[in-house]
Amino acid sequence: MHPAIEVRKLHRFFGETHAVNDVSFAVKRGQVFGFIGPNGAGKTTAMRILSTLELPHYGDAYVDGFSCVNDPDRVRMLLGFMPDSYGVYPNVNVREYLDFFARAYGLRGAERHASLDRVMRFTHLDELAEKPITGLSKGMKQRLCLGRTIIHNPAVLVMDEPAAGLDPRARIELREMIRQLADDGKTILISSHILTELAEMCDIVGIIEQGRMLATGTVDQILNNHTQTGDQRRSWLRVRVLGGAAAIVTWLEQRPEISNLQINGDVAAFEFLGEETDEAQLLRSLIQAEFPIHSFGSQNKSLEEVFMQVTRGRIQ
Amino acid sequence: MSDAAIPYTPEATSPAEETRTARWERRFERASDWVNPIVIKECRQALKSRQFFFSFTLTLLFCWLWSIFGVWSNVTTNGDLSGQTMLTGYLFILSFPLIVIVPFSAFRSLTVEREDKTFELLAVTTLKPRQIVLGKFVSTLVQLLLYVSGVLPCFGFTALLQGVDLPMMGFLFLNIVLGSITLIFFCLMAASLVQERFWQMLMTVAILCGLLLCFWGGMAALIEIRFDGGFSNLLRDPEFWPAFSGILLAQATWWLVFHQIATSQMTFASDNRSSALRICLVIQHLVYVGWFAYLCWSFSQRRGMDMFRNDEFAYMLLIPSLIYLYCIGTFATGEPEVLSSRVKRQLPESLLGRMFTNWFFPGPGRGYIFAVANYAAVCLAVTLLYTLIVPRSSRPNAISDNVVRFMIASFGYLLIYLGLETWILRRVQRRFQASLLLRALIQVLLLLAGLMVCMFWEMLSRGLNPDSLAYYFSPFHLLPDLAGRNGRFEGGEYAILIVGVGVLILNLPGIVAELLQTKMAAPARIAAEFAAQHPPVLPLPTNPWDDPAEKNPS
């Protein structure tokens, strides 16, 4: 059984710039893969290679086992690509636009009509069928583009920044639609800058910077991987001290296993180098030192924090 | 969003309830399934566009104004108005949209796809590049037909006047329409060549200026014919039809070539962009050679074989072929040397296939051999023409020494220039993909280098002589000499040929490496799918008792 998407040792150069540098990952059927990285990290290039718009210099990408380099025609039947631009035509209405793409994907007769109706209902564009595209709002255009992407009912969807430039309502609506598609069993590769949304939507994420894939896996896996320094575990701890955390600052700062100390009222948050037994020992020491400890525990990180920790904000 | 979740239920109507209009609509709808989607989309867009509305209205308006002027003029001059004058006016009005507006809209329809990034959306559909180009062409043709249909009644009006007959009108009309089609294909090709915004802008200006020049040139020719004794004399000229057939054939083959270049440019980079184009180029070249043979035959019927006494006919075939194949070679030698797996699946397996069809596949070495082998074939054809077809009685020697020397020297030059370009580009391509512009630039630099060598040679051997300026500035040093039958350098052509062979040997390792690339099997899934789509054909039974299935249990 082939993975729905497989990228193997992909390289792509633009002159001296190594836009995609040895990127490899795989997405199983029905999974939603979030592709995150700063601007210019190589996300769009990797997605364009996967969508058979660009040729890699080395490596290959596969959709359902078909090579994007050698069998692009098969890949195109299986894949729907939603680029970061709308790509709409002037002087056509919503129905004509979708009808054109249905025809372009080889849908005929009743199958085409069925597909059009299904997509227009799904994207809530059925009431705007006769409206010229140029008169649509950004949110409506984006829904139209989603409709165009799924018109041939592809098993794999590649979406490049679908929520960019949308207002909150349009973004939520789009997110709901994507979630519905994911529930329907579509494999989705999505890039976005709105990491909170991606964290909710994605089964796995890949973090890319300067063309290199820095981390792949679930948010928790990435977090765990990046809390290891050499052989030692690194974790974020949170201590609440009655009467204010300032009292323990000097004590904590003297300990070499503690770094990045942040004080916020009663709460002290810091990075701790050590195993779980070492954490227990730290708590025991704090109590023995007679600090009024109210609570002690590890602090869960958001995708944003993981992203900030993994990437360094460098551009090529 | 599964199919099952939202089932499609078409609105049921009984045949009795269906109106005639609805029935026709349904038939059109069904028929439209078989029409190129691009045609439907482009027609929908073009017919709603303001540009089309204004240009079409203006065309009609000018036709009406010209007709009113014609009627008024006829009344005031007591019926002396010539039908030819009216026809010229209408052709003038029709030519502007057909020669300028329609080809330019074809150009824009493709460049706008790239500007608006909608081309990417087309590229990821299952539409083939050929369908995209043909779709753009047919939709432009629809516009052309609309313009023609608007002006056609005026042509009918002209036919009622004196001095115009239907063959003349048809001939002129046909020429404008065919010329417009050629320009449409050319514009589509030009649009496919430029992808970056800067080059698109530059090309847009160049195309617009070129189309306007074509329009004014065409109109000047029309007026020239009009005042040069009328159209009828032209049609009666016995040399007109061989020449006109040449123009028609040239146009038809250029349509093929322009269309194929545009298609190749849009083809995905890992696919085979070369073979179909090279086949089209060979067809075009063969058509030219065939037409040339017809021309020789046609002339010999009227003037006898004596006309072959001079060498002009040989040069008429050799020089255009040399320029043509040199240009083809310039671009063919810049292709990447390693074939993609996709192209390797199409490589021939048999010995004959490898010998004869290998040269149609992409690759610099293959392109080099393709160009020089084709020129060698032309040289062979000329030799055969003069030794076998032209009787010996018509000339003392079957083929003149100058023609032979010209063939040797030109073949040597082709080997040198294309060979050097192949060698340079092979090294360049290992670092980055050489663009069409770079390939042309390298060839220009090679020609300049050749010119320098020839200039020094000329100055050293003869000194500065104003009479031999043509030789100073010719990178093909011996050719003007030989074509002019002066024959100054005895044996010089052999020196050029030897250098050419040296350059060929320099390229030989690369060519051999290209030829050693072997056919690659398609992945099992694709092979199985192909086998399912193309089941083996069982032989038909030769008598009622034979069951072919028994003979071929597999």
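Predicted model: local features only at pLDDT ≥ 70, side-chain atom pairs only at ≥ 80, totals over all residues.
**Exercise 1. Which strands of chain A does helix 11 (residues 303-310) lie across, and at what angle does helix 11 run to strand 9?**

Residues are numbered from 1 along each chain as its sequence is written, while chains are lettered from A and ligands numbered from 1 in the order in which they are written.

Step 1. Find the elements: helices (H or I, at least four residues) and strands (E, at least two) are DSSP runs, numbered from the N terminus.

Step 2. Helix 11 of chain A lies across strand 3, strand 9 and strand 10 of chain A.

Step 3. To strand 9 of chain A, the helix runs at about 35 degrees. Axes here are lines fitted to C-alpha atoms, for helices over the stretch in contact (C-beta atoms, placed from the backbone, within 7 Å), and angles run from 0 to 180 degrees between N-to-C directions.

**Exercise 2. Work out the strand order of the six-stranded open sheet in chain A.**

Step 1. Read off the order: 6-7-8-3-9-10, with mixed pairing. Strands pair if DSSP finds at least two bridges between them.

Step 2. Now spot the edges, strand 6 (79-82) and strand 10 (212-217) of chain A, each pairing on one side only.

Step 3. Look at strand 3 (residues 32-36) and strand 9 (residues 204-209) of chain A: they run parallel and are joined by four bridges. A:Ile36 sits opposite A:Ile207 of strand 9.

**Exercise 3. Describe how helix 7 and helix 10 of chain B pack.**

Step 1. Take the geometry of helix 7 (residues 166-193) and helix 10 (residues 240-266) of chain B: the angle is about 20 degrees and the axes are 8 Å apart.

Step 2. The two helices of chain B are therefore roughly parallel (angles under 35 degrees).

Step 3. Check who meets whom: helix 7 of chain B brings residues including B:Phe185 and B:Leu178, and helix 10 of chain B brings residues including B:Trp254 and B:Phe258.

**Exercise 4. Find which helix of chain B gives the most to the side that touches chain A.**

Step 1. Count both sides: 34 residues come from chain B and 40 residues from chain A.

Step 2. Helix 2 of chain B gives the most to its chain's side, with six residues.

How values were computed
Contact = placed C-beta atoms within 7 Å. Parallel < 35°, antiparallel > 145°, perpendicular 65-115°, else oblique.
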